[in-house]
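Q: Can you walk me through this one? I'll ask as I go.

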Amino acid sequence: MILMGKRIKELRTNAKFTQKELADRLGVTKSTITAYENDSRTPSYDVLIKIARVFNVTIDSLLIDERKGIYFSTEHLTEEQVNTLIQLINVFIDDNLQCGRIDPLKKPEIRCAGRKVPKK
């Protein structure tokens, strides 16, 4: 399991933000960001939500490092566009299964809005 501070620092440095820049975006002080990154202080729920929004990540990805894969929002897509994405993803999964790049026992799940999407 990854420590939250390490994850926050990783996201911040990947985004090329200084601690001060991130602090300004979150409405906290630079020393608070330092404390978060050193795991000597834990962000409040409100700040966790802000961190997730700033870096476009899920809150659970800040708390644990067990999720794998790519996550994106389908909030502004039509139902038809979402279905097209799901079909495309299934094509890639099937191809990777056939080529042996994915263990059939560890076949990835596709989820949309937190619900498992049945393969069509």
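Q: How much of the protein counts as buried?
A: Of its 120 residues, 28% count as buried. Buried means under 20% relative accessible area, exposed over 50%, and partly exposed in between, with a 1.4 Å probe and protein chains only.

Q: Where do these coordinates come from?
A: This is a predicted model, in which local features need pLDDT of at least 70 and side-chain atom pairs count only at pLDDT 80 or more, while totals for chains, interfaces and linings use all residues. Residues are numbered from 1 along each chain as its sequence is written, and side-chain values use heavy atoms, with hydrogens and water left out.

Q: What's the order of helices and strands?
A: The pattern along the sequence is α-α-α-α-α-α-β-β, which amounts to six helices and two strands. Both are DSSP runs numbered from the N terminus: helices are H or I with at least four residues, strands E with at least two.

Q: Which residues touch the most other members of the largest nonpolar core?
A: Leu 22, Leu 26, Val 28, Ile 33 and Ile 51, out of 16 residues in that core. H1, H2, H3 and H4 each supply at least two residues of this core, and the largest share, five residues, comes from H4. A nonpolar core here is a set of buried Ala, Val, Leu, Ile, Met, Phe, Trp, Tyr and Cys residues joined through side-chain atoms within 4.5 Å.

Q: What is Ile 33 in contact with, leaving aside its neighbours within four places in sequence?
A: Gln 19, Leu 22, Ala 23, Leu 26 and Val 28. Contact means heavy atoms within 4.5 Å.

Q: Which residues of H3 are buried?
A: In H3 (residues 30-37) they are Thr 32, Ile 33, Ala 35, Tyr 36 and Glu 37. Their cover includes helix H1 (4-14), H2 and H4.

Q: How do H2 and H4 cross?
A: The axes of H2 (residues 19-26) and H4 (residues 45-55) come within 10 Å and cross at roughly 115°. Axes are lines fitted to C-alpha atoms, for helices over the stretch in contact, and angles run from 0 to 180 degrees between N-to-C directions.

Q: Which residues make that contact?
A: H2 contributes Leu 22, Arg 25 and Leu 26, and H4 contributes Val 47, Lys 50, Ile 51, Val 54 and Phe 55. By class that is six nonpolar, no polar and two charged residues. Ala, Val, Leu, Ile, Met, Phe, Trp, Tyr, Cys and Pro count as nonpolar, Asp, Glu, Lys and Arg as charged, and the others, Gly among them, as polar.

Q: Backbone next. Where is Lys 16, and what is its phi?
A: Lys 16 lies in the loop between H1 and H2. Its phi is near 60°, a positive value in a residue other than glycine. At 70% relative accessibility, Lys 16 counts as exposed.

Q: And Asp 39: which loop is it in?
A: The loop between H3 and H4. Phi of Asp 39 is also positive, near 60°, but at 37% relative accessibility the residue counts as partly exposed.

Q: Is Tyr 45 buried or exposed?
A: Exposed, with a relative accessible area of 72%. Tyr 45 lies in helix H4, and its C-alpha atom is separated by 9.5 Å from that of Ile 59, 14 residues apart along the chain.
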